[in-house]
Amino acid sequence: MFLDAMPGGFIYPQPEDDEDTRILAHVNRKGWHNLAVPPAEGEPGYSFTLGHFLNCDHPELVLMGLKAELASRMLDAAAVRVRDMGERLQPHREYPDFLPGLTVAFLPVEFAFYGQYLGYANWFYEHLPLPYPALQMVWPDGRGVFPWQPGYDARFRRLQPLLGMTPSPAQQATRLQ
């Protein structure tokens, strides 16, 4: 259902305003751009990347519930791994010390959430024959417990809705060292 690699002949969308022009130029120059969407009534803010699939055949990344500055820092750390180190971030694996002292994990984003959370990326990739892939970067609570693990601090559930299937018990044991 999702593309594994970027097909040739990508067509950039036509910018609709100066902001589009700036973002498209940034993707073209730097290779990616982080977009931040502020919280709406009853909904958490979120951030996502644009350009990883186009330039690295890597899924775009979504990060829920963090302030834009921290989310951008985390997405930039991922970009360094993807673009500069050639790493493919894998779903259902924990990445210890992704940032100093912070473990994260990734979930494949279900297509049902693309319209709600990835509208700008949908516009950017509108000419693709199939949907582009996306991963949600998931952060643990203050004790290092992920939302799918027993003992997760329920106060964070509203901030970080999960946009994909959680790891199976066997996948939960997978932790990169």
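Trainee: Which pattern does the protein follow when read along the sequence?

Mentor: Helices and strands are DSSP runs, numbered from the N terminus: H or I over at least four residues for helices, E over at least two for strands. Here the pattern is α-β-β-α-β-α-β-β-α-α-β-α, made of 6 helices and 6 strands. This is a predicted model, in which local features need pLDDT of at least 70 and side-chain atom pairs count only at pLDDT 80 or more, while totals for chains, interfaces and linings use all residues. Residues are numbered from 1 along each chain as its sequence is written, and side-chain values use heavy atoms, leaving out hydrogens and water.

Trainee: In what order do the strands of the open sheet lie?

Mentor: Strands of a sheet pair through backbone hydrogen bonds, either parallel or antiparallel. Two strands count as paired if DSSP finds at least two bridges between them. In this case 6 strands form an open sheet in the order E1-E2-E3-E6-E5-E4, with mixed pairing. Strand E1 (33-37) and strand E4 (94-99) are the edges, each pairing on one side only. Neighbouring strands are turned by 30° against each other on average, direction ignored; the axes are lines fitted to C-alpha atoms, for helices over the stretch in contact, and angles between N-to-C directions run from 0 to 180 degrees.

Trainee: How many bridges join E2 to E3?

Mentor: Strand E2 (residues 46-50) and strand E3 (residues 60-64) run antiparallel and are joined by 3 bridges. In one of these strands, E3, Met64 is the bridge partner of Tyr46.

Trainee: Which strands does helix H3 touch?

Mentor: Contact means heavy atoms within 4.5 Å. Helix H3 (residues 68-84) packs on the sheet and touches E1, E2, E3, E4, strand E5 (102-108) and strand E6 (134-138), its direction making about 110° with that of E4. Buried residues (under 20% relative accessible area, 1.4 Å probe, protein chains only) in H3 include Ala71, Met74, Leu75 and Val82. After H3 comes Gly86, with a positive phi near 65°.

Trainee: Why is the radius of gyration of the protein said to agree with a compact globule?

Mentor: The radius is taken over C-alpha atoms, and the globule rule is 2.2 Å times the number of residues to the power 0.38. The protein agrees because a compact globule of 177 residues would have a radius near 16 Å, and the protein has 16 Å. Its C-alpha trace spans about 45 × 35 × 30 Å along the principal axes, and 47% of the 177 residues count as buried.

Technical notes:
Buried means under 20% relative accessible area, exposed over 50%, partly exposed in between (1.4 Å probe, protein chains only).
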